[in-house]
Amino acid sequence: MAGAVQKTICGGLQAALPANTTTCYMGLFSVDNPTTTVAQCTGIIAAPGTLANLRVQLFTAPGAGDTRTFTVMLNGVATSLTCTISGTGTTGSDLVNTVAVVAGDYVSLRSTATGTPAATFLGFTCDFTPTNA
């Protein structure tokens with residue numbers, strides 16, 4: 001279909017997040033271990049477009065009174081594309097907010113925590129829709 005905009009689903013499967021409040025970063029386009037340094041895991045955007053529909057699934061719930069919050073980072077700065085998973089929950093999503101990106105931008109996913117959430121593996125996805133030129 002001529003002129004149709006194609007959507008790409010990016011995501012990753014990450015090794016265990018620690019059972020503590022350490023801030024961790026993960027690449028949006030990778031299968032890797034989380035790191036405490038955002039610069040070690042950023043992916044580079046190849047074309048202008050929009051990131052949307054963040055979805056996160058934990059293999060183990062945070063636990064009573066504990067939370068994990070996931071935020072898409074753009075060039076090292078937090079965006080409004082975020083979701084929080086609390087207590088016995090294992091899934092979260094942000095299907096409302098979007099982030100405009102341009103070629104050369106760096107993106108990653110940040111995990112922060114409150115309390116002492118259980119260690120867990122996680123999977124996540126995010127839609128990328130290129131700007132129709």
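Two strands count as a pair here if DSSP finds at least two bridges between them. What we have on screen is a predicted model.

Let me start with the overall picture. The protein has 0 helices and 10 strands, and from the N terminus on the elements read β-β-β-β-β-β-β-β-β-β. Of its 133 residues, 41% are buried. If you take contacts between residues at least 6 apart in sequence, 73% of them join residues at least 24 apart. For those of you who like surfaces, the accessible area comes to about 6,400 Å², and 56% of that belongs to carbon and sulfur atoms.

Now for the hairpin. Strands E6 and E7 run antiparallel and are joined by 8 bridges. As one example, Arg-68 has Ile-85 in E7 as its bridge partner. There are 2 residues between the strands of this hairpin, and Asn-75 takes a positive phi there, near 55 degrees. Asn-75 sits in the loop between E6 and E7 and is partly exposed, with a relative accessible area of 40%.

Asn-53 lies in strand E5, and because the limit for buried is under 20%, its relative accessibility of 18% counts as buried.

Let's go inside. In soluble globular proteins, nonpolar side chains tend to be buried together. Here the largest nonpolar core has 24 residues, and those touching the most other members are Leu-51, Val-56, Phe-70, Val-101, Leu-109 and Leu-122. Who supplies this core? Strands E1, E2, E5, E6, E7, E8, E9 and E10 each give at least two residues.

One residue I'd like you to click on is Leu-81, in strand E7. Leu-81 is buried, at 0% relative accessibility. Setting aside neighbours within four places in sequence, Leu-81 is in contact with a list of residues that includes Leu-51, Phe-70, Val-99 and Cys-126.

Since I've mentioned a cysteine, how many disulfides does a search of the whole structure find? The count is 0. Cys-126 is buried, with a relative accessible area of 0%, and Cys-83 is buried as well, at 5%.

Last topic, the aromatics. A pair of aromatic rings is described by the distance of the centres and the angle of the planes. The count in this model is 1 aromatic pair. The rings belong to Phe-59 and Phe-121, with centres 6.1 Å apart and planes at 50 degrees. Why is the pair called tilted? Planes under 30 degrees apart would be stacked and over 60 edge-to-face, so 50 degrees falls in the rest.

Where do the two rings sit? Phe-59 is in the loop between strands E5 and E6, and Phe-121 is in strand E10, so the pair ties together parts that are 62 residues apart in sequence. As for accessibility, Phe-59 counts as exposed at 54%, while Phe-121 is partly exposed at 44%.

Technical notes: Residues are numbered from 1 along each chain as its sequence is written. This is a predicted model: local features need pLDDT of at least 70, side-chain atom pairs count only at pLDDT 80 or more; totals for chains, interfaces and linings use all residues. Side-chain values use heavy atoms; hydrogens and water are left out. Helices (H or I, at least four residues) and strands (E, at least two) are DSSP runs, numbered from the N terminus. Buried means under 20% relative accessible area, exposed over 50%, partly exposed in between (1.4 Å probe, protein chains only). Contact means heavy atoms within 4.5 Å. Accessible areas come from the Shrake-Rupley method with a 1.4 Å probe; for residues, only the protein chains shown count as cover. Rings of Phe, Tyr and Trp (its six-membered ring) pair if their centres lie within 6.5 Å; planes under 30 degrees apart count as stacked, over 60 as edge-to-face and the rest as tilted. A disulfide is a pair of cysteine sulfur atoms within 2.5 Å. A nonpolar core is a set of buried Ala, Val, Leu, Ile, Met, Phe, Trp, Tyr and Cys residues joined through side-chain atoms within 4.5 Å.
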